[in-house]
Amino acid sequence: DYGMTGDEGVRHRYGRRLLRFYATLGSDRDAVADVDISRDGGVFEIAAGFVELASPLDVYETRHLVVVVFALVGFLAVYDIGNRLGGPPGAFWSLLFLALTPPFYGHSFNNSKDVPFAALFAWAAAVLLRLGDDGLRLHRLGHRLGRQVARERGLDVLRDLVRIVAREFLLGAFKELLQFGIDLERCHHSR
């Protein structure tokens, strides 16, 4: 174990306040009263709080274990990104360079703020890369479906659109005429 960090006690107490906040459906406002720490978010603190409930380990050893799990999740994200961009060699080198980065390795054992952020950021990037690939496929599929629908239903859609526009125009005109009539009535009675 790498020992406690300077802010670990504060973050642990913040996690307990977050759990109370959600358990009371937001009526216990202590978690959002502390502006300095609440800007960091609480994903890790909530996850660690739940694991602490079931863990036989000390509170801080449990938190360190959860940090390690987040680090491993980060490694998986980096592997996915490397594999997507460079195939198996890209995945290998990405993992190797991340594992050999001293700050990430060292912080992977007890930094409950930066390691979860890095891991979730890496997964966000991996998901965006996946969506980019899938988005192109979905775009092409949507384009084909749209052309087919336009061919088969184009006249029906156009007819319905004309009906909707005409109805809205007539309703709007009727409301304006009605308002105009009410205004004329008021002017007539005010003299």
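**Entry 1: Glu45.** I began with Glu45 in this predicted model and looked up its accessibility: Glu45 has a relative accessible area of 1%, and because buried means under 20%, I noted Glu45 as buried. I then asked which helices Glu45 and its partner Arg63 belong to, and found Glu45 in helix 4 and Arg63 in helix 5 (residues 59–99), so that this pair ties together parts that are 18 residues apart in sequence.

**Entry 2: the salt bridges.** I searched the whole structure for salt bridges and recorded 2 of them. In one, the side chains of Glu45 and Arg63 meet with 2.8 Å from N to O; Arg63 is buried as well, at a relative accessible area of 1%. Glu45 also forms a salt bridge with Arg11, where the closest N and O atoms are 3.1 Å apart. Arg11 lies in helix 1 and Glu45 in helix 4, so this pair links parts that are 34 residues apart in sequence. Arg11, too, is buried, with a relative accessible area of 3%. Through shared partners, I wrote down, the salt bridges join Arg11, Glu45 and Arg63 into one network.

**Entry 3: helix 1 against helix 4.** Next I looked at how these two helices are arranged, and found that the axes of helix 1 (residues 8–23) and helix 4 (residues 43–54) come within 8 Å and cross at roughly 85°, which means that helix 1 is roughly perpendicular to helix 4. I listed the residues that meet there: Arg11, His12, Tyr14, Gly15, Leu18, Leu19 and Tyr22 from helix 1, and Glu45, Ile46, Gly49, Phe50 and Glu52 from helix 4. Sorted by kind, the residues of this contact are 6 nonpolar, 3 polar and 3 charged.

Methods:
Residues are numbered from 1 along each chain as its sequence is written. This is a predicted model: local features need pLDDT of at least 70, side-chain atom pairs count only at pLDDT 80 or more; totals for chains, interfaces and linings use all residues. Side-chain values use heavy atoms; hydrogens and water are left out. Axes are lines fitted to C-alpha atoms, for helices over the stretch in contact, and angles run from 0 to 180 degrees between N-to-C directions. Helices (H or I, at least four residues) and strands (E, at least two) are DSSP runs, numbered from the N terminus. Angles under 35 degrees count as roughly parallel, over 145 as roughly antiparallel, 65 to 115 as roughly perpendicular and the rest as oblique. Contact means heavy atoms within 4.5 Å. Ala, Val, Leu, Ile, Met, Phe, Trp, Tyr, Cys and Pro count as nonpolar, Asp, Glu, Lys and Arg as charged, and the others, Gly among them, as polar. A salt bridge is a side-chain nitrogen of Lys or Arg within 4 Å of a carboxyl oxygen of Asp or Glu. Buried means under 20% relative accessible area, exposed over 50%, partly exposed in between (1.4 Å probe, protein chains only).
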